[in-house]
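This report covers selected local features of one protein model.

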Amino acid sequence: MKSLIKKVCTVGFVLILLGSFIQSGLIAQIQTTVMPKTGFEERIEKAVNDIRIIDTHEHLRTEEGVMKDSLYDFIYLFQQYINYDLISAGMPKSVFLKVNDTSYSLKERWEMFKPYWEVTRTTAYGRVPLIVANDLYGIPDINDNTYRKLSEAINDSMQWGWYKHVLKDKAKIDISILDRRHKRFGKDLFRHVERFDDFIYVFTFPEIKKLGEKYGIEVKSLDDFVSALDSAFQAGLDYEMVGVKSGLAYNRTIKYDKVTKEKAEDVFYRVTSRDTSQTPLDFESVKPLQDYMMHRLLDLVDRYDLPFQIHTGLQTGSGNNILNSKPTLLNNLFHEYPGVKFCLFHGSYPYGGELSVLAKNFPNVYIDMCWLYVISPSYSERYLHEWIETVPANKIMAFGGDYITVEDIY
């Protein structure tokens, strides 16, 4: 797992491409260049391990916020992703809440946690805390004999400078791009992207009115609403955002039709004239307005030449509609906005083949593997081979941890 992550988490895929030309231990099909001197595997591994990384996607808490917390224990490593495998394994919500409740003793919480950990430790989500425990804390396993020692080690590590140590020294990450809405952290470690999904995923006039008021605009018309979006976008530019992120695949289909202004205005009028006591319009009724606003957002992204990161594929959690997030649903946007760089997140798991076609055929479509190897290392390896074969190497972005904790990014 650790070796695989190292191989796929940097621009080292270029070096793997070199290896694919070699008729040897790698999966070469034909020989296309002179055979290298023996020991090339070790040379490639060293070169990959020495590369400094640009991390395309994180949700990190501020170091200040983390340091304000008073108590840490083994559960700290199980806050994200693996918790959904615990639930998938059958952990009841009541037990999940108790495991995270420090009014129970550490032993009581471990005993409740252990049965579900034993059946999830083999998942890719489950391997992450094991790597963290071993590499950052020198504890080779998480079990009956080590959970107390691990808890103590985590608690002791929470000192100022820990972020820099883990990110720059241990993980060799120079810059991480954060998705924390209109927030930014110190430039020595971070840059940030912003979301404008609130301007798209609207159903009621109070939502629209509140967005306008936030930017000093009284929204009486669709033009006013678009002006409010313009103001929000300008605020993001003033705050030095380096890109735009959309996560609406969690809420709706990512198929955004091209809608005339007249049709969008008709829906806008229906939404804004509706009494607050009435049931909001359903999604299909309000979709034309939402789609129109997505296109206005893309106009801004295009004008200011920013990359547009889009969640595709698996949505974290339970019970989400995976059909909402198929990357081919975005096909019309790639045609209509050839100047926008669309960065499709998470290797579009499980739609890797569709992503291959899109990134191969559209100059403005890029593959981003962030989070992918946390979901499935084998899928990541399998499709990285395919993407190297089908997609120009400058269009594969290989690392983003997609975590809220710095240890799990490592």
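## The loop between β6 and α16

Pro350 has its place in the loop between β6 (342-344) and α16 (352-361); helices (H or I, at least four residues) and strands (E, at least two) are DSSP runs, numbered from the N terminus. The model is predicted: local features need pLDDT of at least 70, side-chain atom pairs count only at pLDDT 80 or more, and totals for chains, interfaces and linings use all residues. Residues are numbered from 1 along each chain as its sequence is written, and side-chain values use heavy atoms, with hydrogens and water left out.

The peptide bond that joins Tyr349 and Pro350 is cis, with omega about 10°. The loop between β6 and α16 also holds His346, whose phi is near 65°, a positive value in a residue other than glycine. Most residues other than glycine have a negative phi, and most peptide bonds are trans. His346 counts as buried because its relative accessibility is 1%, where buried means under 20% relative accessible area, exposed over 50% and partly exposed in between (1.4 Å probe, protein chains only).

Ser348 lies in the loop between β6 and α16 as well. With a relative accessible area of 0%, Ser348 is buried. Leaving aside residues up to four places away in sequence, Ser348 touches Thr312, Gly313, Pro327, Leu355 and Tyr379; contact means heavy atoms within 4.5 Å.

## Glu240

Another loop, between α12 and β4 (244-246), contains Glu240. Glu240 is not a glycine, yet its phi is positive, at about 65°. Its relative accessibility is 39%, so Glu240 counts as partly exposed.

## Helix α13 and what covers it

Helix α13 (residues 261-272) has 12 residues. From its first C-alpha to its last, α13 reaches 16 Å, close to the 16 Å expected at 1.5 Å a residue; the expected span is 1.5 Å times one less than the number of residues.

Which residues of α13 are buried? They are Ala264, Val267, Phe268 and Val271. These residues are on the same side of α13 because they cover an arc of only 105° around the axis, the arc being that of the directions from the helix axis to the C-beta atoms. The exposed residues Glu262 and Tyr269 are carried on the face of α13 turned away from its buried side. The cover over the buried residues of α13 includes α11 (205-214), α12 (222-238) and α14 (283-303).

## Gly212 in α11

Gly212 is found in helix α11. Its relative accessible area is 0%, so Gly212 is buried. Beyond residues up to four places away in sequence, Gly212 touches Ile217, Val219 and Ala228. Gly212 and Leu229 are 17 residues apart in sequence, and their C-alpha atoms are 8.2 Å apart in space.

## The second largest cavity

The structure holds three cavities of 30 Å³ or more. On a 1 Å grid over the protein atoms alone, a cavity is a set of points where a 1.4 Å probe fits but cannot get out, and lining residues have an atom within 4 Å of a point. Grid points are joined across faces, edges and corners, and a volume is the space filled by probe spheres set on the points.

The second largest cavity has a volume of about 40 Å³. Its lining consists of Ile75, Phe78, Asn83, Leu86, Met91, Phe96, Val99, Asn100 and Phe113. The elements giving two or more residues to this lining are α5 (82-88) and α6 (93-99). Seven of the lining residues are nonpolar, two are polar and none is charged. In this division Ala, Val, Leu, Ile, Met, Phe, Trp, Tyr, Cys and Pro count as nonpolar, Asp, Glu, Lys and Arg as charged, and the others, Gly among them, as polar.

Conventions:
On a 1 Å grid over the protein atoms alone, a cavity is a set of points where a 1.4 Å probe fits but cannot get out, and a pocket is an open set with protein on both sides within 12 Å along at least five of seven lines; lining residues have an atom within 4 Å of a point.
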